[in-house]
Amino acid sequence: MPGTPLHGFIPPFPIRVDQFGASPGLTAVPALHLLSHTHSDHIVGLSANSFASTIICSTDAKQMLLRHELYSDRFLRDVDLRNEARLSRTFGHLKVPLFLKDGKLDFSAGRDLLRILPLHTPTKIELSDNLTITLTLFDANHCPGAVMFLVEGAQCAVLHTGDFRAEPWFLDDLRRNPFLQPYLAPPEFREGAMLGQSEVSRTGTPLFKTLDAIYLDTECLLMMDEAPTKSDASQGLVSLISLFPPETIFFINAWTWGYEDVFRAIARSFRSQIHVDRYKHNIYSHLSDPFLRSLVTLDASKSRFHACERFHRCSHANRDGVVYINPVTISKSKWDQYLALTESKLRATQPVTILLVPLLRHSPLQELRAFVSLFRPVRVVPNSLDPSLHGLDALCVPNLFANCLSTLPSFSSSFAGALLDGDIHVSEDHCDSTLQNLVGDGADSIAHAWAVSGRIVDKLAVMEPFLRGTARNIVRRILGVPPLPREKSDGNEGAVSILQRVRDRQRINACRAIVPDHESDRETESDDEDTHARTAKMLF
């Protein structure tokens, strides 16, 4: 996955998560591979026929992998240019049956690299002669099959979130989970309880423990605003749909896995199934969620709600007057404004052909802080970084979570040192993927009017107070803010090394990655040529 630190390893354990291909400079061989979920950026390298290691994942993730089809194959099958027998299964090599003498296939005796573990079931796994871990999976509230991993060893334990959404109800569930309760932080002001202190039972087993690290989903790390919960987003959308004439046809732009809450809310509210294409139906029909299995249909005539293939929509979803529903990233305050404005338009019978829904699949900063504070680990390690920030987001992580951590020493070396050894790579701006996958005439302008911009200059403005020393002054100059007096060395001078590397690479592309040209039409007056000039001056 682009921007993944430490090549996906989770020190101090020789385990690699969501990384299955070769990485430049990587010499370590993982003792175990973990797969948190099946989004494309988390399965890079897994399609290679040469991959032959065991992978631990959830039951649903395995089903989704084995039934995965490339779009080109799906299209040829759907237009009857390729039959089912000739369909190429992208990850079919991960489970190979044994051919018996009578010509039958025996899947139980063949190779199966996908080892499933049920949720909430601690399982001992031997990594080597002298290292055994206990692995427990938890639902991640991200998409079907997505899980978090609790890895417990003899000396310490770490929690890897994969991609997740830590909504308030999600935290309540974690507080009640018996396998996570030993790692919950005590109330700060409880008499006699100190952060990081352990209590031991009469058998010598620690009753209360501290996580050595949380490997955290940081996709929305720099989103400071509160986000609507999935329930509030789905119910707000349903309230708008109810204002349309009852014969209105809707196309739900579920362009990736993770928007199933919209399906559930619409199905419950309007007592209707959701029409999906053959591929989605094949996936959903083999998942463990019985309600999700029951609410999808292949019969387009049975529903006015369609979530079929967006590049090859059914005839019902291609008619005039179809209303397109696009998921985007919107703050709670703007969502409330959008709901009020759109409702007033609909009640005034003004034409509305585009609807937005802020169904976030990743947690913004407020939720991330609440999640980390629930455990107060020794350290937080980001699962993903924005490559276009060249490591500045990694440098501000300790300060973003300064009041959420334990003061105990770590069992692993500092993350910053490992990061500066060469894990950050220059690439283009890490744009919000929802804005790149809109459908419907006019969707782009409407979405950009309400959605979180994701502009680099906005991210720099969020990071600036949480950086120190040279790194902070570099960002302040880029933003056009006077530099602060020189501070004492605090370790953040590593940012200079990161930015210095840009000088030896493609200078024009690196400059565009900081303030991309295609964003200039959405910037304010201060974010124009002067910003580009300041950026170029600071970097080069």
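**An aromatic pair and its surroundings**

Phe371 and Phe375 are four residues apart in helix 9, so about one helical turn separates them. Helices here are DSSP runs of H or I with at least four residues, strands are runs of E with at least two, and both are numbered from the N terminus. The model is predicted, so local features need pLDDT of at least 70 and side-chain atom pairs count only at pLDDT 80 or more, while totals for chains, interfaces and linings use all residues. Residues are numbered from 1 along each chain as its sequence is written, and side-chain values use heavy atoms, with hydrogens and water left out.

Both residues are buried: Phe371 has a relative accessible area of 0%, and Phe375 has 1%. Buried means under 20% relative accessible area, exposed over 50% and partly exposed in between, with a 1.4 Å probe and protein chains only. Phe371 and Phe375 also belong to one aromatic cluster with Phe164, Trp169 and Phe170.

Helix 9 (residues 365-375) packs against helix 3 (residues 168-175): the axes come within 11 Å and cross at roughly 10°. Each axis is a line fitted to C-alpha atoms over the stretch in contact, and angles run from 0 to 180 degrees between N-to-C directions. The two helices are therefore roughly parallel, a term for angles under 35 degrees; over 145 is roughly antiparallel, 65 to 115 roughly perpendicular and the rest oblique. Leu171, Leu174 and Arg175 of helix 3 meet Ala370, Phe371, Leu374 and Phe375 of helix 9, where contact means heavy atoms within 4.5 Å. Six of these residues are nonpolar, none is polar and one is charged. Nonpolar covers Ala, Val, Leu, Ile, Met, Phe, Trp, Tyr, Cys and Pro; charged covers Asp, Glu, Lys and Arg; the others, Gly among them, are polar.

Arg376 lies in the loop between helix 9 and strand 19 (379-382). Its phi is near 50°, a positive value in a residue other than glycine, and Arg376 is buried at 8% relative accessible area.

The structure holds 17 aromatic pairs. Rings of Phe, Tyr and Trp (its six-membered ring) pair if their centres lie within 6.5 Å; planes under 30 degrees apart are stacked, over 60 edge-to-face and the rest tilted. Phe270 and Phe305 form a tilted pair, 5.5 Å centre to centre with 35° between the planes. This pair links distant parts of the chain, as Phe270 is in helix 5 (residues 260-270) and Phe305 is in strand 16 (residues 305-307), 35 residues apart. Phe270 is partly exposed at 23%, whereas Phe305 is buried at 0%. For Phe371 and Phe375, the ring centres are 5.5 Å apart and the planes stand at 65°, so the pair is edge-to-face.

Some other local features follow. His120, in the loop between strand 7 (114-116) and strand 8 (123-128), has a positive phi of about 55° although it is not a glycine. His120 is partly exposed, at 38% relative accessibility. The peptide bond from Pro11 to Pro12 is cis, with omega near 10°, and Pro12 sits in the loop between strand 1 (9-10) and strand 2 (13-17). There are zero disulfides, a disulfide being a pair of cysteine sulfur atoms within 2.5 Å. Cys143 is buried at 9%, and Cys396 is buried at 0%.
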